[in-house]
Amino acid sequence: MCLGIPGEVLTLDVERPGMATVNVGGARRQVNVMLIEEDGVQPGDWVLIHVGFALAKIDEEEAQLTLSYLEEMGQAYRDELQALAESRID
Amino acid sequence: MGPEGMRFVDEYRDREKAQALAANIATLVEPGRRYGLMEICGGHTHTIYKHGIEDYLPEEVQLVHGPGCPVCVIPMGRVDDAIWIAEQEGVIMTSFGDLLRVPGARGSFLDAKARGADIQMVYSPLDSLRIARSNPDRRVVFMAIGFETTTPSTAMTVLRAAAEGLENFSVFCNHVTIIPALEAILASPDLHIDGFIGPGHVSTVIGCEPYRFIAEKHGRPFVVAGFEPLDILQAIQMLLLQLRDGRSEVENQYTRVVPWEGNQRALQAIDEVMEPRPTFEWRGLGWIPDSAMRIREKYARFDAERVFDVPATRVADPPACQCGEVLRGTIKPWECKVFGTACTPETPIGTCMVSSEGACAAYYNFGRFTRLRVRQAGSA
């Protein structure tokens, strides 16, 4: 729950404003991007996701750093990814 | 991850760079003076143990592990209240997975689930909202927990529920705020803290400005830090430089992610939906004024404490458990009487052993690298 997970924005959802499809660890997930809209979020941007909401835009290098940190967390990160995989945010 | 990404990661793990930083840190330390530096965030605690950061530091520098693990600080009474709500007629209780094993006086969510309560694990409060929509004849409650990294998400979810006119969704709000907890720690007489390693992701939301009182009123340097081993070593170097020069300022080592002003949109969402509680109990730290959030009157129908007649249970922490002293940093995890014997990650007595970011679990999992163990091995 405390883990911020990086994801790459694939598309902004036209029909549901404030939502985006994001690539997180190879899976496509729906994420709420309303809290970073003022930063002008675009496809190709990397974002830091907390419990289904993007809280910050980050660059790709920071995303890779964060991913490697998370992978070292082991089970806690696997649990979080599993929870995210089962999430059906709409 | 591509080779470019790996190279960048390697830079932040580079042993030579770490040793160069360590050598510089050693020059900043006055021999014989003790420097107590508190890392607030459980994520930092995890990195410190995982990478044996203490092994790079001179004896004079003591890292103290702070209260920044939200699972670790939730009092047993709130867990009992949540279980009471879960056991009411027609309720579906939804919770982050981290919380399922946290013990209250009447067991954990998992125990209540085994007794027949409908408790479902969710990744996001938005999942709870979906469950509410698809179960109109049930009352769906979201067990909200966390510091300012998760509070905006709860607030945004309440706003969404209000916009949709949902009538069967409410939040049992346990969100806590880091600043009053730091004030309580600074007021603690048995504690010697010279500076703070500030939380990375919480600061993404609240920014760096709220920490100014720690620097200005309490005269303690404060450096917001990232989660890589070199980030933490660099933050320690920045703290020691301030202490050597007699300065106390707020600095941001983690500019890669943390904007000085935080995320205004997230703060506005919190302020729209929530207000500070007069007081809130923290496990191990006791009652701290203005240290948690509750739902505003305007959104009362989404507030589980108003929707249900919650018993407001108060339970003393288990006597064998020394989580409070660990959270205040007055003892190290391994100095607790039940550490690693009666209390383990599999059968936790205290919350610090439940969460992977709790100081006890982090030490239990990676403790072989710590300075104490190295010394013991050397003298054996």
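Helix H1 (residues 60–73) of chain A packs against helix H2 (residues 75–86) of chain A at an angle of about 105°, and their axes are 5 Å apart. H1(A) is therefore roughly perpendicular to H2(A), a label given to angles of 65 to 115 degrees. This is a predicted model, in which local features need pLDDT of at least 70 and side-chain atom pairs count only at pLDDT 80 or more, while totals for chains, interfaces and linings use all residues. Residues are numbered from 1 along each chain as its sequence is written, and side-chain values use heavy atoms, without hydrogens and water.

**Helix contact in chain A**
- Leu67(A), Leu70(A), Glu71(A) and Met73(A) of H1(A) meet Gln75(A), Ala76(A) and Tyr77(A) of H2(A), where contact means heavy atoms within 4.5 Å.
- By class, this contact has 5 nonpolar, 1 polar and 1 charged residues.

**Confidence**
- The complex receives an ipTM of 0.92 and a pTM of 0.90 from the predictor.
- Chain B has a mean pLDDT (the predictor's confidence in each residue, from 0 to 100) of 90, and 94% of its residues reach 70 or more.
- Residues 1–5 of chain B have pLDDT below 50, and this stretch has 5 contacts in the model beyond near neighbours in sequence.
- Where pLDDT is low, the predicted coordinates should not be read in detail.

**Interface**
- The contact takes 35 residues from chain A and 45 residues from chain B.
- Between them the chains bury about 3700 Å², 62% of it on carbon and sulfur atoms; buried area is the accessible area (1.4 Å probe) lost on being put together, summed over both parts.

**Salt bridges**
- Glu37(A) and Arg265(B) meet in a salt bridge (3.6 Å, N to O).
- Arg78(B) pairs with Glu305(B), their closest N and O atoms being 3.3 Å apart.
- This pair links distant parts of the chain, with Arg78(B) in helix H5 (residues 76–86) of chain B and Glu305(B) in helix H14 (residues 304–307) of chain B, 227 residues apart.

Definitions and conventions
Chains lettered and ligands numbered in written order. Axes fitted to C-alpha atoms, helices over the stretch in contact; angles between N-to-C directions. Helix = DSSP H or I, 4+ residues; strand = E, 2+ residues; numbered from the N terminus. Parallel < 35°, antiparallel > 145°, perpendicular 65-115°, else oblique. Nonpolar A, V, L, I, M, F, W, Y, C, P; charged D, E, K, R; others polar. Buried area = accessible area lost by both parts, 1.4 Å probe. Salt bridge = Lys/Arg side-chain N within 4 Å of Asp/Glu carboxyl O.
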